[in-house]
Structures are given as structure tokens and as C-alpha cells.
Amino acid sequence: MATTEVEHRRGQLAALSIAAVVILIGVPLWWRTTETYRAWLPVSQIKELDILQLQLSADVEVVFARGTVTPEQQKKVPLTMTQDDEYIVDENTSLRYRYETKYRTATIMEEDALNQPTAAEADLSLHTLSESPCGSLVVYVIPETSSVLPEDVEVYIGQRRTALLRIGAQMRVGRTLETLLAHLEPRIKQVLQVMSFSHTDITAALSDRVRLSPGNKESIADSMRAFKSSPGYEITFSLLNPDPKSHRLHWDIEGGVETYIQPLLTKLSPLANFSIDSQTLYYAMLGVNPRFDNSRGGYILNTDSLAHVINPVEARLGSNAASSNPVLNFLLYVPDAAHSPLYIHDRQKQEVSSNAFHSPRWGGIMVYNVDGFYGPEASFPVDVSINMAKVMGVFLAQLRLLLGVQSSTTPPGFLMAPCGSTGLADWELDRLMWSRTVENIATATTTITSLAQLLDQIGNIVINDNIAEQVSSAVTSLQLAVAELEAGNLGFALQYSKEAILASERAFFDPSLLHLLYFPDDQKFAIYIPLFLPMCVPILLSLLKIVSEARKKRKERHAKKD
């Protein structure tokens, strides 16, 4: 009996020892070696980004020229005033526009600049004196008797960040400075709507985050036409020659790009990087049959048939597989002799003056007729030198639209200076930078919050240190972009917003986040049960037996005491 008791006791201790080793060492070791690694993420800061409160601050300087304010009014300047406009876009997004306006009188050198014969010369002279920082505006108030502006012009918007505003005599005589500023405020606000950010443009830039209301159809159309913000763009110029036997085409695309396109891209360099290539495609047809018009003596492409032009041509263009940047296509199509001349008509059946059209977020096509070279004594193929100034002027206008440079509607009495050799005015660049910064912030916040929700819902996705670093970098850049935007530092805000969108997209599209790379729970059970069940059942039965015997002995001891 003693030997049997000893053996029974030894079996119990062995079972308990094995169970202890399995529970205290085996299970933690297995759990540790098979757990999904998930690096720390700034979840609380990401949740704060879900509620976006943006403040756009712009510095405005109003300069009074001689003859616009009385001596009594001059005693109260310089003066600084701040105006805030708040808009609730939706329950998670709000906008605040802050205009800090500084009023002062013109210096002697500025007075000399304002006495130039023309407004363009005055604008250049004022720019030479001092260059306004990015995102700011200077409005010069000139007297009614000034000859720098034409008689029917009240506001002149220059190529830089300056505007000239004519003041009426009835506005200043016998009035206090406060009354004068109150009368100037609506006109200055109109200048800001044209030269700086507008609520319509900023709301359209939030399209990735906010569903736009049907009332903003114009802004929706403008935002759908332009390409989305991207760190880089590929621009391709293609010459389509469907009939090489009829004409031999020569185009100086390198010189045309250098003269007309490159100045614009250089000015847009803070927004994105651009790469340009060109190609010539032979026997490339439009894919539609134009209709011959006897009254016009040529072939017609109606608006309805333009939609069918792009697909057949696009198949011949090719693509740059090494780059993920959006591609802007600009096609110059020279009709064959059998369908020449070829004209494009709009919806009103009127001939399009540029003989070109553009497709939203794709590019533009221009038809270049060369039927004038087909003389009675012409020998085929005819050598044709393409007028690059005419072609690049059209492509430049289309490029501005596709990149989001929108020409705002000017109120009555406004005169806008041409954009000059760069193809872009300074204030147009600022206006685009405001929109792109807000768009980048909206896109990056949406990407980061979506990624955080995905990782929270699917717990077995591995979060590497690299992903955590990218997420933290995106959150930090977003916070800095919002802060710089609030401080009015547009250049820094744009740079931080670009860093935020790059980091957020690298984290979101990281290959290690693919859920299919990991086993779901049912497959884990199918693997682990055959491995652990044969070992765990004997241990579990032994433990149950030990517990049962312990309870039985406890009852026997209680019975003996009774």
C-alpha cells in the first residue's frame, strides 16, 4: 500500500510539474514567439486630426497715396485691423479666414513709382522697391485725379502682389478715417477674393474630405478639371502625323518648351517636380470621321464626337511605367490631306478660335491645319514648319487649367494685367499654393485616419517600425502645416503639407500591410489544434483527476471530524 501511495503521489507531482512547465513557460513562450508585432502609433494625435480646424491668415497692407487722406486722417495712421470670417463646412471640418490689414501712407519713393505713366510701369517700379512675401498683398489707394489708371478702371491688378485702387473724391471729403475705411472695405474685399484665397476655392480643395454641396457646381467643375495635387507630374508633347506621304512635319519642340513652358514650370517648382518628354507618332488617326461642311469648305468635329477622339489616340501614346506621377498629354494633330482643313465646333455650332480642346485630368489636343501649303505645284511630301508660338500659346493655356490655375471672374471696374513671359502672375501662384496646401492637408488627414481605423479593426496586421515612423512623420508634418498656415507662412505650410502627404501615402501603401499575408483566426486554429490537443488532453485529464481526489480527501477529513 505504501508503494502504491508513493507511485500515485509521484504521478500527481509529475502531472503538476508538466502542467506548470506548460502554463508558466510553454504558453508565454509560444505567445511571445507567435504574437503579431505592432509598433506604437500616435493614436490620440491621429484622432485629433479627424476634427480639422483650419485657419488661413493673410497679411494685407493698404497704402494711401498723396491726396487720398486728409491731414487729420493721416494722424491716425499707421493702423492695424484684424478681421475673422468663420465657416462650418461639416461636423468635423471648419474654416477661419483671418485678414490682418495694416494701413499706412506711401513713402516718397512709392509716390514716385505711382507717378509713372502707366499702371504696368507703376507695378514694376513698386516691385523693384520691395518684394512682398509669399501669401501677402499690398493695395495702393490712389486719388481720383491720378492718370496712372484709365478713366473706366477703378482697380488694377498687377503681375506681382500689388493692386492699385482708385478712390472717389466723394468718399474722402468731410469724412473720418473710420468712415473712409468702412467705404474701402468692400472694394478691398473684392481685391482679396480675386488675388488671394476665396471660400469657393478652399472648399473645393477639401473635396477628398468633405462632400461638396450641389450649389458649388462651378467650383466642382474647376476642381474636377485640374489634376489632383501630386509631388510630381509627367508632361508629354506628341506630334501626330497621320499622313507622312502628304507632309513632312518639323517642330522645334525643345525650343518651344524652353521659351514658353519652362518659365511656368520653374515658377511652379515649389508645388511639384516636372519632367517633360516629346514624341512623334506616324499614321496615328483620331478614330472619328469628321463631317464635311460645304459652307465652311472644310471638315468639322462637333463637341459630341470629341469624347471619342481620345481613346484611340491614347492607345498609341504609351506610358512611363517607371513613374507613378500623373501624366499630362498634349497632342498636336495635323490632319491628313483627305480631311483637311479640319475645324472644331463648340456646342453653339461656332468655330473654336484655338481649334483645340482639353479633357479634364488628361490633357489637350490641338488641330493644326496645313492645307495652305498644298499649292498646285507642290511636291509631296510637303515640308511644313510648325508655328511653335501659336501651338505653345494654346498648350500653355491648357496647362494652366489642368494644373489648377483658375482665372477668377473679375468684378466690374477691374483691370487685370497679362501674366507676362512666365505665364503666371505672383498672386496666381499664391492662390494656387493656398489651395494645394489645404488639399494636401485634407488628403493626408483622410489617409492617416483611414489607416488608423484599418489597423484598429484588423488586429493581426503587422505594424513595422518603418510604418510607425512614417505615420509619426505624417502626423508631425500635418501639425506643423496647420500651425504655419495659421501663422500665415504659406511657403512653409506648403512644404510641410507635401511632406505629410508623402509620408502618409508611403505608410498606407506599404506592402507589409496586406492582410492576405497573414493567417486569419480560423486557419490558426486549424494549425495549432492538431499540434497542442494531443499534449493538452492528458495534462488536463490528470489535473481534473488531481482536483477530484483533493475534493474527495477534503470531504473525508470533514466526515472524520464530525
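This report describes strand pairing and helix packing in a predicted model.

## Basis of the description

In this predicted model, local features need pLDDT of at least 70 and side-chain atom pairs count only at pLDDT 80 or more, whereas totals for chains, interfaces and linings use all residues. Residues are numbered from 1 along each chain as its sequence is written, and side-chain values use heavy atoms, with hydrogens and water left out.

Strands (E, at least two residues) and helices (H or I, at least four residues) are DSSP runs numbered from the N terminus, and two strands pair if DSSP finds at least two bridges between them. The antiparallel strands β10 (residues 291-293) and β11 (residues 298-301) are joined by 3 bridges, with F292 partnered by Y299 of β11. Their hairpin has 4 residues between the strands, and G297 takes a positive phi near 70° there.

Strand β11 also runs parallel to β13 (residues 342-344), to which 3 bridges join it; here L301 stands opposite I344.

## The five-stranded sheet

An open sheet of mixed pairing is formed by 5 strands in the order β9-β7-β12-β15-β14. Because β9 (273-282) and β14 (356-359) stand at the edges with a single partner strand each, one side of each is left without a neighbour in the sheet. From one strand to the next, the twist averages 15°, where axes are lines fitted to C-alpha atoms, for helices over the stretch in contact, and angles run from 0 to 180 degrees between N-to-C directions.

Strand β14 runs antiparallel to β15 (residues 363-367) through 4 bridges, and A356 has M366 as its bridge partner.

## Helices on the sheet

Helix α12 (residues 310-317) packs on the sheet, touching β7 (232-241), β9, β12 (327-333), β14 and β15, with contact meaning heavy atoms within 4.5 Å; the direction of α12 makes about 100° with that of β9. Helix α13 (residues 388-402) lies across β7, β12, β14 and β15, and runs at about 150° to β12.
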